[in-house]
Amino acid sequence: MFLRSLPSSSAFRSAARRISAVRMAAISTASEEKGASSAEKEQRHQLPSNPPPLQRLEKFKTTIFTQMSMLAIKHGAINLGQGFPNFDGPEFVKEAAIQAIKEGKNQYARGYGVPELNSAIAARFKKDTGLEVDPEKEVTVTSGCTEAIAATMLGLINPGDEVIIFAPFYDSYEATLSMAGAKIKSITLRPPDFAVPVDELKSAITKNTRAIMINTPHNPTGKMFSREELELIASLCIENDVLVFTDEVYDKLAFEAEHISMGSLPGMYERTVTMNSIGKTFSLTGWKIGWAIAPPHLTWGFRQAHSFLTFATSTPMQWAASVALKAPDTYFEELKRDYSVKKEILVEGLKAAGFIVYPSSGTYFVVVDHTPFGYENDVAFCEYLIREVGVVAIPTSVFYLDPEEGKNLVRFTFCKDEDTLRAAVKRMKERLHKR
Amino acid sequence: MELKLSKASRSLTPSPIQELSHLAQRCGAINLAEGFPDFSAPPHIKSAAVAAINADLNQYRHVQGICDQLAVMMKQNHGLDVNALTDFVICCGQSEAFAATILATIDQGDEVLLFDPAYETYASCIILAGGIPVNVPLEPPHWTLNVDKFMKSFTSRTKAVVLNSPHNPTGKVFSKEELEAIAAACCQMDCLAITDEVYEYITFDLQKHISLASLPKMQERTIITSSLSKTFSVTGWRIGWACAPSTIASAIRNIHIHVTDSAPSPFQEAALAALQSPPGYFKSLKAEYEARRDFVIQMLSDVGFQISFKPQGSVFVFAELPKNWLVSDIEFVKILIEKAGVAAVPGRGFFHGDIDDQNLRTRYVRFAFCKGSDTLNAAAQKLRDIVGSTGHLQL
């Protein structure tokens, strides 16, 4: 109610003092001294010369992607590294956005989402999982799933909280957890099937664990968490009172297994934040329409962070997204069919070219072992691949806390048109040589 | 389960501005509360967005052209030389640019000076980052900067000063002298300055918006944030930016990449068309808003307000309730919605610091005039309808 008065500034200050432990910005200045002198404060404005490991990795990752992109352009390489399509989204969704713009829907939307979109998200979630959620109290729209992840971490994680993530992981989980000051525990999923290491997980979850981050279908491996795995994680979470955050942006790109939402398991909805977006499903990655579905008490914290991160989400795109989510089943069937064809082209090609190809059940990624070609690590192999073969892949070591763990793997994407995929495959078959 | 919330989020309360908007909607009130236009965005900009969608520019993008154009404008408008390749971060609105800036620069325990009254989001953002907002009251009735009080607000923990000019809610445009004082303080205390310049093109009476970064020795320590929203009446497009020296911009970019990664791509393309609008566009924008300002001031005066401070910029009038109206800001707004069907914002939500006269915090109401003439005329009529025999509102 607007009639409620705000707390006084002293309340703000005591709230701030209650926040314990060190919280680091992703690139934070290193000084922890109080009452620093002017010269020392000047120092604080510089980037730290010796940042803690997580921040070092941040800088490393940015450099790798930039280097790869620059190399790719220089050598005219076919880019199977970037995780976004080189084809466009469906006309009916684009038309809906155009309509919205023309109809003047260009001003601030309600902070937590245009009502039609919230309803469409709830309806879609019910169709997919059977769960009924309140669009007003349990659905929040964000600028892409990227923002949903950031708002989850900043809104629900305290500095010092232990959070478990599975490596290899999409880089923003770790970055936002660092921003939130969390203690990150990484559990590695290993080839060939990237199964959840049960014993390792059991010993990692303790009474201090605040949350577990699950990405299924999984980027970069394409793994899909099985019902068994999810049930195991669920029982551990219930036993230890742990939250679960799920990133399900590839849920409509589930090829060889059924996609299961953790929130639909018994006892789990009340402790789960389920995140998704339209970007991958509708090949409109630049529109930045994502969302989180969570019970009201978790939604509240999420919305706090969201309201200060971006305040509101792009209005015309929200209208278009509400249309998109009502797409008939045929749209999703065709999507899967098209992607299956692309996957076939890539996977066959990678095998023929000499990679060890790990089965990918979902997403539009495949990871392969490049070691048959004799390069000492994934970065070196990727550089060779760009320079001599003319194809871009992503070195997966950037998706681990310890880069050593990923040095044998590289990630390819098949979210490209068939001609591009065939051309890339041809280059690899012809030019890839063992060292 | 409430304990699962982060301490930071639990200390914050929902935005009264947004809640008020819901109430106004429920009552069907004429909305002079929220700061977004009810008139159309300029046609040439909408067309550019439509063209971008049709041209398949719908995947993750960074449109360098925006930075190039902004660099040109910074030079033209403020004499600033910025590097288009390294000094800009395109974000989802000024909101995200500000949040990313705070997250990139504010550590646990850092103090950040804010001028009060203030847009409420700044303090909340700072708290979320573990910082401590410190409020420096501007002095009514003209919201002048008391340099003494300002200097006394600095401590060794002060990391940054936030400057919003033209100012929400008061409509103040900080003068050259005030900016010089702020600049001198920032240099002397070796602090950052973070500006919110979203109303930069909406100034009146030949008042020129001066960017703090253009003052001597300020560029190296200033982060400018702004957006398309108010200048081009597209508050729902979420295209904003931060501009800072490259090291700082790089840190902001790293945060932004993990907060949203990319601003909506078709609107980035449209931003190019917007920013390349001819000088005539900006002239009309000013003239039209000045006319609206004058209209609303007249409207309020006609019903008994004594407007002692005419806004010099922004889209708001921060009107003081006359002393003989024995109602608080909240009571007044409620009466206005219920009796006249016109919504405004109670001013107390903007006051965070200890202002000298505690009563003042309940004596102001903010009216937005970013509304079409139909709306403003209708509002004026509604207000006239409820005045008493004195010709003024009776409260």
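Reader: How many residue pairs are in polar contact between domain 1 of chain A and domain 2 of chain A?
Author: There are 13 residue pairs in polar contact, both residues at pLDDT 80 or more. A polar contact is a pair of N or O atoms within 3.5 Å; within protein, one must be able to donate a hydrogen and the other to accept it, and residues adjacent in sequence count only if both atoms are side-chain atoms. This is a predicted model, in which local features need pLDDT of at least 70 and side-chain atom pairs count only at pLDDT 80 or more, while totals for chains, interfaces and linings use all residues. Residues are numbered from 1 along each chain as its sequence is written, chains are lettered from A and ligands numbered from 1 in the order in which they are written, and side-chain values use heavy atoms, with hydrogens and water left out.

Reader: Where are the two domains of chain A?
Author: Domain 1 covers 57-88 + 330-431 and domain 2 covers 92-326, with bounds from an automatic or database domain assignment.

Reader: What area do domain 1 of chain A and domain 2 of chain A bury between them?
Author: They bury about 3000 Å², 64% of it on carbon and sulfur atoms. Buried area is the accessible area (1.4 Å probe) that two parts lose on being put together, summed over both. On the side of domain 1 of chain A, Phe332(A), Thr363(A) and Phe399(A) lose the most area, together 20% of what that side buries.

Reader: Where is Thr363(A) found?
Author: Thr363(A) sits in the loop between strand E9 (356-357) and E10 of chain A; strands (E, at least two residues) are DSSP runs, as are helices (H or I, at least four), and both are numbered from the N terminus. Its phi is near 70°, a positive value in a residue other than glycine.

Reader: Is Thr363(A) buried or exposed?
Author: Thr363(A) counts as buried because its relative accessibility is 0%. Buried means under 20% relative accessible area, exposed over 50%, and partly exposed in between (1.4 Å probe, protein chains only).

Reader: How many salt bridges cross the interface of those domains?
Author: The rule finds 3 salt bridges there, each being a side-chain nitrogen of Lys or Arg within 4 Å of a carboxyl oxygen of Asp or Glu.
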